[in-house]
Amino acid sequence: MRFPISQKNVSIVSWGIYSKWKSNSKELPKIQEFTLEIPIIIDQEWGMIISIDNSKDKELQWEIKHPPLYDEDQKLIGDFKGNYKVLSNEDTFFLGDTFWEPLETMQGEWTCTIRSGKQIIAKKIFKAVLTE
């Protein structure tokens with residue numbers, strides 16, 4: 001049985017608006033502004049970075065809960081979910097997203113949660129706001 005990642009081994013390093021990021025890149029985005037209020041701009045990168053120590057090969061689960069969003073067939077899009085395997089004993093992980101058209105639908109709370117087993121080890125609630 002694998003033990004979950006201990007809360008004491010995780011810290012939130014940064015949260016807010018980031019530089020553009022390519023998900024296949026080993027380099028994480030750079031923090032541009034610490035904030036929980038995110039202006040809704042196309043391709044605006046936002047989220048949080050956590051540091052994970054002494055947890056190599058353990059797995060965490062991530063989730064982004066978002067306002068009601070619909071695909072092109074008007075079907076409700078579920079919350080975004082996935083897993084991440086910790087790669088080393090000193091690892092970092094970015095959880096975030098960008099905005100896309102129609103921008104009006106992006107407004108509201110976006111909750112980023114990272115779990116290890118049933119334990120929440122990191123969580124931030126962002127407010128997406130339209131700009132003039």
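**Notebook: charged pairs and a pocket**

I began with E27, which counts as exposed at 52% relative accessibility. My labels work like this: buried is under 20% relative accessible area, exposed is over 50%, and partly exposed is in between, with a 1.4 Å probe and protein chains only.

A note on what I am looking at: this is a predicted model, where local features need pLDDT of at least 70, side-chain atom pairs count only at pLDDT 80 or more, and totals for chains, interfaces and linings use all residues. Residues are numbered from 1 along each chain as its sequence is written, and side-chain values use heavy atoms, with hydrogens and water left out.

**Entry 1: salt bridges**

Side chains of opposite charge can pair when their charged atoms come close. I used the salt bridge rule: a side-chain nitrogen of Lys or Arg within 4 Å of a carboxyl oxygen of Asp or Glu. With that rule I get four salt bridges.

I found E27 paired with K30, with 3.7 Å between the closest N and O atoms. K30 is partly exposed, at 47% relative accessibility.

Next I looked up K85 and D57, a salt bridge whose closest N and O atoms are 4.0 Å apart. This pair links distant parts of the chain, 28 residues apart: K85 is in strand 8 (residues 80-85), and D57 is in the loop between strand 4 (45-53) and strand 5 (59-65). Strands here are DSSP runs of E, at least two residues long, numbered from the N terminus. Both partners are labelled partly exposed, K85 at 45% and D57 at 34%.

Then I turned to E63 and R115, whose closest N and O atoms are 3.5 Å apart in their salt bridge. E63 sits in strand 5 and R115 in strand 10 (residues 108-116), so I noted another link between distant parts of the chain, 52 residues apart. E63 is buried at 9%, while R115 is partly exposed at 27%. Shared partners join E63, K81 and R115 into one network of salt bridges.

**Entry 2: the largest pocket**

A pocket is an open set of points on a 1 Å grid over the protein atoms alone, where a 1.4 Å probe fits, with protein on both sides within 12 Å along at least five of seven lines; lining residues have an atom within 4 Å of a point. I read about 370 Å³ of space in the largest one, the volume being the space filled by probe spheres set on the points. It has 15 lining residues, and W21, S25, L28, Y84 and F93 are the closest to its centre. Strand 9 (residues 90-97) gives the largest share of the lining, six residues.

Terms used
Helices (H or I, at least four residues) and strands (E, at least two) are DSSP runs, numbered from the N terminus.
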